[in-house]
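Here's a quick briefing to read alongside the model. Have the viewer open and click through as you go.

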Amino acid sequence: LNFTVALNYGSREEMVRAMRHMAQDCKDGAFDPEEITEEKFASYLDTKDLPDPDLMIRTSGEQRLSNWMLWQLAYAEFYFTDVLWPDFDKEELIRAVEYYNTRDRRFGGV
């Protein structure tokens, strides 16, 4: 189980930094642009040592990503709740996990 908290984090900025680093590595001859894959790109992200999230819980009634882990959440399930973060308790977590358990995970497949 991984619980990740990011402070002063922006996914767009993270991806731009990753692309700049990759571009420099290509320029320096570390690899050819044709070798760029999803896995290689992900290896340049801040979360390279973490698995992609399976479940994203959004509290306070908001239904948007707000620039949060845009790449990493591609195949995550989303749980939206009106409960505010300070009031998010064990019972609400159980509801989120129960919702997650009803999902048919296809990871982009049909």
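This is a predicted model: local features need pLDDT of at least 70, side-chain atom pairs count only at pLDDT 80 or more; totals for chains, interfaces and linings use all residues.

Burial first: buried means under 20% relative accessible area, exposed means over 50%, and partly exposed is in between (1.4 Å probe, protein chains only). Residues are numbered from 1 along each chain as its sequence is written, and side-chain values use heavy atoms, with hydrogens and water left out.

**Core**
- The largest nonpolar core has eight residues: Met 15, Ala 18, Met 22, Cys 26, Phe 31, Phe 41, Tyr 44 and Leu 45. A core here is a set of buried Ala, Val, Leu, Ile, Met, Phe, Trp, Tyr and Cys residues joined through side-chain atoms within 4.5 Å.
- Helix α1 (residues 11–27) is the top contributor to the core, giving four residues. Helices (H or I, at least four residues) and strands (E, at least two) are DSSP runs, numbered from the N terminus.
- Phe 41 is in contact (heavy atoms within 4.5 Å) with Met 15, Ala 18, Met 19, Met 22 and Trp 71, leaving aside neighbours within four places in sequence.

**Loops**
- Gln 63 sits in the loop between β1 (55–58) and β2 (77–80).
- Thr 47, in the loop between α2 (38–42) and β1, is buried at 14% relative accessible area.
- Not counting residues up to four places away in sequence, Thr 47 touches Glu 14, Met 69 and Gln 72.
- The Thr 47 and Gln 72 side chains also make a polar contact at 2.8 Å. That term covers a pair of N or O atoms within 3.5 Å; within protein, one must be able to donate a hydrogen and the other to accept it, and residues adjacent in sequence count only if both atoms are side-chain atoms.

**Salt bridges**
- There are seven salt bridges in the structure, each a side-chain nitrogen of Lys or Arg within 4 Å of a carboxyl oxygen of Asp or Glu.
- Arg 17 pairs with Glu 13, with the closest N and O atoms 2.8 Å apart. The two are four residues apart in helix α1, so about one helical turn separates them.
- Asp 46 also bridges to Arg 17, again with closest N and O atoms 2.8 Å apart. This pair links distant parts of the chain, 29 residues apart: Asp 46 is in the loop between α2 and β1, Arg 17 in helix α1.
- Asp 54, Glu 77, Arg 103 and Arg 105 are linked in a salt-bridge network.
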